[in-house]
Amino acid sequence: MSSDNKSGIPSNEEIIEELTKDLESSAIKTDISSDDVSHHSESDSEFDNNVNEENEIKDEDYIDDTLLQARDDKLPEDKKRELLQEALSLKNEGNIKFKNQEHEEASKIYTDALRTCPLIFPNYRAIFFANRAAAKSNINIESAIQDCTRAIELDPDYLKAYIRRSKLFERNDKLDEALDDLKKVLDIDRNYTEVAYNARVLQEKINERNEKLKTEMMAKLKDLGNMVLKPFGLSTQNFQVNQDPNTGGYSINFKQ
């Protein structure tokens, strides 16, 4: 603060001017502080929303075994038996829906059965997974295959799950995987004549597919060979390929 007054006492105008500056400075600081708080609040809200989105369960048919185990640990044996009976009742409801071609509803009910059935009954849970796979087979093949796999993990000797997964693999053009499942069934039960027949048919399909792929590959190689040999006035017709019937190997002979 300065003054032209010889006595050194500021005038009224100077006092008012100094007070006005202090008020303006205080107002600026308040505005800046308010902006910072507002920005921080919006950022926190956005972060919370992202966390909530990440914590949402994406699949309606997701089965959280960890949560089920935590629940089961608190239950007495008689209560677990009661829950098993409830799950079996749900399975029967799902079967009715499935027979009526209500596949999506059937799948949801089998999911409820899986969420109800305690983990100490793996064979029953395998059945629920296999049934849900059947319901999903016309909705989502990949998800149905996953359910068959879960059933097999719970019961490695569950033939129906292998057969069902084999059919799903075949529909998905995964013939080798389909055949592997049928072979697994025959490893468990060699007297399963229907599966043995289906395995032979599937092997023939695989052989036909492989022959077709080999023919296509040889045609592409021939085109490539002709392109390389053309500058030399030659073609693949100048080379004869012979297969040895004993070893299965090939020999190449040049001819004019």
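Trainee: What are the helix and strand contents over residues 159-192, and how far apart are the end C-alpha atoms?

Mentor: In this predicted model, residues 159-192 are 79% helix and 0% strand, with the end C-alpha atoms 10 Å apart. The UniProt record, an unreviewed entry, lists these residues as "repeat: TPR".

Trainee: Which pattern does the chain follow along its sequence?

Mentor: Its order is α-α-α-α-α-α-α-α-α-β-β, that is, nine helices and two strands. Of its 256 residues, 27% count as buried. Among contacts with a separation of 6 or more, 48% join residues 24 or more positions apart.

Trainee: How do you know that the span of α4 agrees with its number of residues?

Mentor: One sets the value against the expectation. At 1.5 Å a residue, the 14 residues of α4 should span 20 Å, and the end C-alpha atoms are 20 Å apart, so the two agree. The test can be repeated on α3, where 23 residues reach 33 Å from the first C-alpha to the last, close to the 33 Å expected. After α3 comes Q101, with a positive phi near 65 degrees.

Trainee: What makes H103 count as buried?

Mentor: The cut-off for buried is under 20% relative accessible area. H103 stands at 13%, and therefore counts as buried. This residue lies in helix α4, whose other buried residues include A106, Y110, A113 and L114. The cover over the buried residues of α4 includes α2, α3 and α5.

Trainee: Which residues of α3 are buried, and against what do they pack?

Mentor: The buried residues are K80, L83, L84, A87, L88, L90, K91 and G94. They pack against α2 (65-72), α4 and α5. As a general point, an α-helix has 3.6 residues a turn, so residues three or four places apart point the same way.

Trainee: Which members of the largest nonpolar core touch the most other members?

Mentor: Of its 39 residues, those are C117, F128, A151, Y158, L168, V195 and L202. Each helix from the following set supplies at least two residues of this core: α3 (77-99), α4 (103-116), α5 (122-136), α6 (141-154), α7 (159-171), α8 (175-188) and α9 (193-229).

Trainee: What is F128 in contact with, apart from its neighbours within four places in sequence?

Mentor: The contacts of F128 are A87, L88, K91, Y110, A113, L114 and C117. Among these, A87, L88 and K91 are buried residues of α3, whereas Y110, A113 and L114 are buried residues of α4.

Definitions and conventions:
Residues numbered from 1 in each chain as written. Predicted model: local features only at pLDDT ≥ 70, side-chain atom pairs only at ≥ 80, totals over all residues. Heavy atoms only, no water. Core = buried A, V, L, I, M, F, W, Y, C linked by side-chain atoms within 4.5 Å. Buried < 20%, exposed > 50% of the residue type's maximum accessible area, 1.4 Å probe, protein only. Helix = DSSP H or I, 4+ residues; strand = E, 2+ residues; numbered from the N terminus. Contact = heavy atoms within 4.5 Å. UniProt positions renumbered as here; feature names shortened; annotations may be inferred. Expected span 1.5 Å × (residues − 1).
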